[in-house]
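Some notes on the model follow, point by point. Please read them with the coordinates open.

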Amino acid sequence: MLLFRTPAILSWIFPNLIWHIHTNSKELFLTFDDGPIPGPTEFVLDTLNTYNAKATFFCIGDNIGKHPDLFNRILQSGHGIGNHTFNHLRGWGTSTEKYVNNVNQCEREIEFRKRTTNNEQPTTINQQTQSKKLFRPPYGRIRGKQ
């Protein structure tokens, strides 16, 4: 298992971003990237269901459009959703304008799919994350302006 910790200096440079969610409870926040895609996403959803566990899925907009039923399954199961760009772009290798447009395109896809499903999403994901739009940059890197 590969463990990765974000360098602490980044939380000082970008203090307005969510870096930690403080809790007095013993909680583990599970996140998954790059879906939804048939096979791996279904396996993860089935495994989470077995343990009555919830997670946040950082989805790629293009994959949401290709697999809307799988995206709806994530929503219907009460999991959180985050933005992982529309095409899994590298922030460092993409112009700021193109990158931000790609993030916005993904956000539009997420919102469109949420509106077009009769989603009665259970409120089981931590309320701090439900009230915010979540974003995770592919490869964990973006430029400051992005």
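Which exposed residues does the face of H2 turned away from its buried side carry?

1. They are Phe 43 and Thr 50; exposed means over 50% relative accessible area, buried under 20%, and partly exposed in between (1.4 Å probe, protein chains only). This is a predicted model, in which local features need pLDDT of at least 70, side-chain atom pairs count only at pLDDT 80 or more, and totals for chains, interfaces and linings use all residues. Residues are numbered from 1 along each chain as its sequence is written, and side-chain values use heavy atoms, with hydrogens and water left out.

2. Helix H2 covers residues 40-50, and its buried residues are Thr 41, Val 44, Leu 45 and Leu 48. Down the axis of H2 these fall within an arc of 100°, so they line one face of the helix. The arc is taken over directions from the helix axis to the C-beta atoms. Helices are DSSP runs (H or I, at least four residues), as are strands (E, at least two), numbered from the N terminus.

3. The buried residues of H2 pack against strands S1 (30-33) and S2 (55-59) and against helix H4 (68-76); contact means heavy atoms within 4.5 Å. After H2 comes Asn 52, with a positive phi near 50°.

4. Arg 113 lies in helix H5 (residues 96-116). Its relative accessible area is 19%, so Arg 113 counts as buried. Leaving out residues up to four places away in sequence, Arg 113 touches Ile 64, Gly 65, Pro 68, Phe 71 and Asn 72.

5. Ile 13 is in helix H1 (residues 8-13). With 49% relative accessibility, Ile 13 is classed as partly exposed.
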